Amino acid sequence: MKVIICEDDAAQLEYIYSKLRKYALIQYPSIKFALATSSPEDVLTYIEHDRADCYFLDIELGSSLTGLELASNIREHDPQASIIFVTTHAEMLQLTFTYKLAALDFIVKREKVELTHQLITALEVAYQKYKQLGHVDEGHYFQLKIGELIKNIPYEEIYFFATSSQVHKIELHTKKGHYEFYGKLKELESLDSRFYRCHKSYIINLQHVREINKKDRTLTMTSGEICYISFRASRGLQVKMDEWGSSNGV
């Protein structure tokens with residue numbers, strides 16, 4: 001899980017970051033702090049090219065952009081992200097509903113022992129939500145578990161699954177990299193209508209097929225990678241592509 005903190009008070013920023021990071025290092029080493037900044041513009045720049053799973057935001061950021069407006073921008077990029085407000089302004093709670101931000105928590109800054117407890121509790125809840133995300137929205141995410149690391153990968157970012165040279169392992173090829181995990185391709189055949197078992201060694205994402213070479217029985221994916229088609233699967237491939245394209249307005 002990736003976390004971003006945005007707080008305009010330097011001392012408060014350091015306090016929130018240090019407490020959360022210390023707890024995460026001991027309890028959940030896979031949690032990464034992608035950004036801790038006083039500038040909402042830094043957060044906007046980050047989410048243009050990447051995404052985080054959890055955001056701790058102050059509301060008054062000493063900028064032309066408030067924490068509420070920043071949260072609204074985050075929601076446009078990622079409806080699933082956990083947003084936690086940390087502020088001295090308890091009266092701002094109602095505005096989070098006005099902005100329809102679906103905040104995970106609203107923490108009012110009090111004395112430090114209580115604040116620390118609330119921060120850690122919010123991080124725990126966000127992490128549990130993160131772990132469950134792949135199951136909550138099964139139609140859109142593939143949940144990959146590698147040790148303690150859990151990645152929720154949108155189906156649209158997956159090019160294909162392939163058998164690995166290592167026994168009992170599967171290769172996952174995505175827009176953001178390649179991964180290996182233990183499993184069987186057969187277990188993934190019914191993952192979603194966009195995926196098709198085109199060969200004993202491949203399950204492809206139909207939306208990323210760029211070219212079909214019927215003579216060589218190969219597929220070129222939008223990533224430029226080549227996958228093979230078995231004789232039996234070649235007869236059903238075009239039908240599956242037409243069905244998926246028709247149901248998705250392609």
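This is a predicted model: local features need pLDDT of at least 70, side-chain atom pairs count only at pLDDT 80 or more; totals for chains, interfaces and linings use all residues.
A residue is called buried when its relative accessible area is under 20%.

A pair of aromatic rings is described by the distance of the centres and the angle of the planes. The ring centres of Y28 and Y127 are 4.3 Å apart and the planes stand at 35 degrees, so the pair is classed as tilted. Y28 lies in the loop between helix 1 (10–27) and strand 2 (32–37), while Y127 lies in helix 5 (residues 112–136); the pair therefore ties together parts that are 99 residues apart in sequence.

F142 and F181 form a further tilted pair, with 5.7 Å from centre to centre and 50 degrees between the planes. Because F142 is in strand 6 (residues 141–146) and F181 is in strand 10 (residues 177–182), this pair ties together parts 39 residues apart in sequence. F142 and F181 are both buried. They also belong to one aromatic cluster, together with Y155, F161 and F195. A charged residue is placed over another ring: K169 lies over the face of Y182, at 5.0 Å from the ring centre.

An open sheet is formed by three strands in the order 13-14-15, with antiparallel pairing. Strand 13 (209–213) and strand 15 (226–228) are at the edges and have a single partner strand each, so one side of each has no neighbour in the sheet. On average, neighbouring strands of this sheet are turned by 25 degrees against each other, direction ignored. Strand 14 (residues 218–221) pairs with strand 15 in the antiparallel sense over three bridges, and T220 stands opposite I226 of strand 15.

Note on methods
Residues are numbered from 1 along each chain as its sequence is written. Side-chain values use heavy atoms; hydrogens and water are left out. Two strands pair if DSSP finds at least two bridges between them. Helices (H or I, at least four residues) and strands (E, at least two) are DSSP runs, numbered from the N terminus. Axes are lines fitted to C-alpha atoms, for helices over the stretch in contact, and angles run from 0 to 180 degrees between N-to-C directions. Rings of Phe, Tyr and Trp (its six-membered ring) pair if their centres lie within 6.5 Å; planes under 30 degrees apart count as stacked, over 60 as edge-to-face and the rest as tilted. Buried means under 20% relative accessible area, exposed over 50%, partly exposed in between (1.4 Å probe, protein chains only). A charge sits over a ring if NZ of Lys or CZ of Arg is within 6 Å of the ring centre and within 35 degrees of the ring normal.
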